[in-house]
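Here's a quick tour of a protein chain, with an eye on its charged side chains. Take a look at the model first.

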Amino acid sequence: MRWIALPVGIVILSYALLDVLRSLVMPRAARGRTRLGRFLYRLLWPAWRWFGLRKKTAASRERVSLALLGFALILWSPAFVHGLGRTDGSFDDALYASGSSLFTLGIGSAAASGWTRAVVVLAGATGLGLFAVVIGYLPVLYQAFNRREVGVLLLDARAGSPPSGPELLHRMGNAGMASALPALFAEWERWVADVLESHMSYPILVLFRSPHDNTSWVTSLGSVLDAATLILTAVDDEPDESAKLLYGTGVHAVEDLYYYLGLTEREAVIQRDEFEDVLDDMKDDGFSIRPVDDAFARFTEKRAKYAPRLDALAVLLAAPPGLWIGDRSYLGARTAH
């Protein structure tokens, strides 16, 4: 039966190294592809989210353990176990030799002989390579996280905390800065594209929370999308091209992340009187508004393209709920969540 350990170990090791290659060395969006990171997320995140909602804790993650198991199985197989030297051939000894080589300690496999030496040397080289890749991986993650959070922080003064689309339009209109909205939408179109590229390449970034209170990249994305959708559907002027472009990019980003994470849509309902209150505020702030019935029909139709999926993402990540975004039951909102 030990001969089974050799092919199983090779498969596990190859799978672990291939996942590291795809995730760190050649990152790219991978819909429908079997990946270790995605499997670990599906396995561990639901329980961690449940626990995290009830108590603040810190998390850690370790990739090297799967490579450690793979090398241990290879060394334990009959092809190499006799070359371990002063051992009784147990799996514990093979695991110890694997760990000693992988972490470059070199004390558990000093007496290795024959072809076992090649496996031990390969394990040592793999360990050094993994640590080098991970060290190089962390700055890339931090840079992507930093770019994302700078955009979130800049939105705070414009859209409140937590942010919302109606609040963004209210503050900009009330301050006489409605003419600056196209530039803001263009800036956020680039922000959304950057988030989509980085978060599909490095999915662990999805789970990174904002360091600031009552903010989240998910609610920030939703608030700017809501603002653009209001401009496109409720304002009785020529449609803003920058709002159109942001809407298209935002819907695409939400859709890709939603499908990658394998979520289920939530019902995103906005009450008619809520919407009318928002239109009244927009009128007071100088926006030219369509008739309420027309605006409400247009808005609900266009928002349905992203809101149920965005809500699912916000609830999954336990993002601070805002107006029209996330689990608003905490706010006593009149929506069907």
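Predicted model: local features only at pLDDT ≥ 70, side-chain atom pairs only at ≥ 80, totals over all residues.

## Ground rules

Residues are numbered from 1 along each chain as its sequence is written, and side-chain values use heavy atoms, with hydrogens and water left out.

## The fold

The protein chain has 12 helices and zero strands (DSSP runs, H or I of at least four residues for helices and E of at least two for strands, numbered from the N terminus). Of its 337 residues, 47% are buried (buried is under 20% relative accessible area, exposed over 50%, partly exposed in between, with a 1.4 Å probe and protein chains only).

## Salt bridges

The count comes to 11 salt bridges (a side-chain nitrogen of Lys or Arg within 4 Å of a carboxyl oxygen of Asp or Glu). One of them pairs aspartate 226 with arginine 303, closest N and O atoms 2.8 Å apart. Aspartate 226 sits in helix H8 and arginine 303 in helix H11, so the pair ties together parts 77 residues apart in sequence. Aspartate 226 counts as buried at 0% relative accessibility, and arginine 303 does too at 4%.

Another bridge joins aspartate 293 to arginine 272, with closest N and O atoms 2.4 Å apart. Here aspartate 293 is exposed at 55%, while arginine 272 is partly exposed at 31%.
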